[in-house]
Amino acid sequence: MQPDPDRPLVQAAAAGDRDAFGALVLRYQSRIVNLARVMVSDAADADDLAQEAFIRAYKAMGKFRGDSSFRTWLYRVAVNVIQSHLASRSRRWRLWGVTRPRDDQGDVAAELPSPAPSAEDEAMRRQLIDRALASLPSEMRAVVMLRDVQGFEYAEIAQILGVPIGTVESRIFRARQRLRPLLAPLIGVGR
Amino acid sequence: MTCHDVSEDLLALAEGRLDGPRRAEVDAHLARCADCREAVAGQQDVARVLASRAALPVPDAFAARIAAEIEEAGGWYGFVDWRWLATRMAPVAGALLIAGIVTVEREATTTAVQTPGVSLSQVVESWAGGEGENAPATSVLWKQDVTDDSMLLTVLASPADATIGGQSDER
């Protein structure tokens, strides 16, 4: 097992060094914010959840024993915060008899940018990917986000989500099968 | 070898994680199975597109807001894990609540029994007030040295139209 590159900062932060924790925030903020943005359709909610994840991690630094890497532990905290939010939102919708708003792909092809990629198409391309991801159940969305967008190993994803590796693999496989027709307009680009 | 036999290997194959004799077996199946070839290609295509997703920029002052919140919660109470504490203390709070309810109930019962404000004779008098002088309770009240116990016995033992001392209402 490789030494955790975050260990010095984590130890300092656990001892109360707020600057050290600030350095960890800067190191991981982009990944956690992007995870939250994909998992939660509302951008403001997603940013609040990402912030909440870091604050909760700071409060719990004393409980981090180094059984996993800090990155894995931080992601686990973030996933728990996001899943709690999704669960309570789902309960509210059921309570008020509201049907889940469809964050689905819509007519992806109709909004596809021109086949020649340009800098200004980047945001549109990302939007299309995010809309395709939003059509997945949250447990599938989480695994493909962690695996294909953020590049985690299967064992690490299993630790973050608290499920067996076999479950992670089957979710990845099925999620990609579902995504393929939705992303078909993008698949031809840059092949 | 069927599609079902290789289905669990397609993901590993698509990601280049399948080696050795098993790889040769799966490759042999793919050579004659267009559906499985297509499934592997689909896995690779989607993974490639997702990997190309450009990260969203982090909101302005995101880290600064976190630092400010941590600073604001600088007191000890700001770092108490209230969720953890609430979970651990819930049984204690529940036990205290039950103990409090039991105590209040017991106090109320004791007070009611000991309250001297209204005697049974007053209650019976009020109850029998509409029955006139022939009502048993009213008859009892005429006697001297009547006690609550004797009056209660009279009321319970007498027929509704009887009066104390064997007097009858019947004429």
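Predicted model: local features only at pLDDT ≥ 70, side-chain atom pairs only at ≥ 80, totals over all residues.
Figure 1. Sorted by class, the side of chain B that touches chain A holds 19 nonpolar, 5 polar and 11 charged residues. Between chain B and chain A there are 7 salt bridges. A salt bridge joins B:Glu71 to A:Arg18, with 2.9 Å between the closest N and O atoms.

**Figure 2. The extent of the interface between chain B and chain A.** Contact between the two chains involves 35 residues of chain B and 44 residues of chain A. The size of an interface is often given as the accessible area lost when the parts come together. For chain B and chain A the buried area is about 3,700 Å², and 60% of it is on carbon and sulfur atoms. Of the area that chain B buries against chain A, 18% comes from B:Leu50, B:Arg53 and B:Leu56, more than from any other three residues.

Figure 3. A:Arg126 belongs to helix α5 of chain A, which covers residues 121-134. Although A:Arg126 is buried, it has no salt bridge. The nearest side chain of opposite charge is that of A:Glu122, 4.9 Å away; a salt bridge would require a nitrogen and a carboxyl oxygen within 4 Å. The side chain of A:Arg126 instead reaches a backbone atom of the other chain, the oxygen of B:Ala54, at 3.3 Å. Apart from neighbours within four places in sequence, the contacts of A:Arg126 are B:Arg53, B:Ala54, B:Ala55 and B:Leu56. Two of these residues, B:Arg53 and B:Leu56, are also named among the three that supply 18% of the area chain B buries against chain A.

**Figure 4. A:Ile129, a residue in contact with both chains.** A:Ile129 is also found in helix α5 of chain A. Its relative accessibility is 0%, so A:Ile129 counts as buried. Not counting residues up to four places away in sequence, A:Ile129 touches A:Leu183 and A:Leu186 in chain A, and B:Val49, B:Leu50, B:Ser52 and B:Arg53 in chain B. A:Ile129 and A:Leu179 stand 50 residues apart in sequence, with a distance of 9.2 Å from C-alpha to C-alpha.

Figure 5. Chain A as a whole has 8 helices and 0 strands, in the order α-α-α-α-α-α-α-α along the sequence. Of its 191 residues, 48% count as buried. Among contacts in chain A between residues at least 6 apart in sequence, 64% link residues at least 24 apart. Helix α6 of chain A, residues 138-149, is mostly covered, with 10 of its 12 residues buried. The buried residues of α6(A) include A:Met140, A:Val143, A:Val144, A:Met145 and A:Leu146, and also the charged residues A:Arg141, A:Arg147 and A:Asp148. Just after α6(A), A:Gly151 has a positive phi of about 75 degrees.

**Figure 6. A:Ala142 within helix α6 of chain A.** A:Ala142 is a residue of helix α6 of chain A. A:Ala142 counts as buried because its relative accessibility is 5%, and buried means under 20%. Leaving out neighbours within four places in sequence, A:Ala142 is in contact with A:Met39 and A:Leu161. A:Ala142 and A:Leu161 are 19 residues apart along the chain, and their C-alpha atoms are separated by 8.6 Å.

**Figure 7. B:Arg17 in a loop of chain B.** B:Arg17 sits in the loop between α2 and α3 (20-32) of chain B. With a relative accessible area of 34%, B:Arg17 is partly exposed. Beyond its neighbours within four places in sequence, B:Arg17 is in contact with A:Arg147, A:Tyr154 and A:Glu169 of chain A, and with B:Leu11 and B:Ala12 of chain B. One of these residues, A:Arg147, is among the buried residues of α6(A). The side chain of B:Arg17 also makes a polar contact, at 2.9 Å, with the side chain of B:Glu15.

Key
Residues numbered from 1 in each chain as written. Chains lettered and ligands numbered in written order. Heavy atoms only, no water. Helix = DSSP H or I, 4+ residues; strand = E, 2+ residues; numbered from the N terminus. Buried < 20%, exposed > 50% of the residue type's maximum accessible area, 1.4 Å probe, protein only. Lys, Arg positive; Asp, Glu negative; His and termini not counted. Polar contact = N/O pair within 3.5 Å; in protein donor to acceptor, adjacent residues only side chain to side chain. Contact = heavy atoms within 4.5 Å. Buried area = accessible area lost by both parts, 1.4 Å probe.
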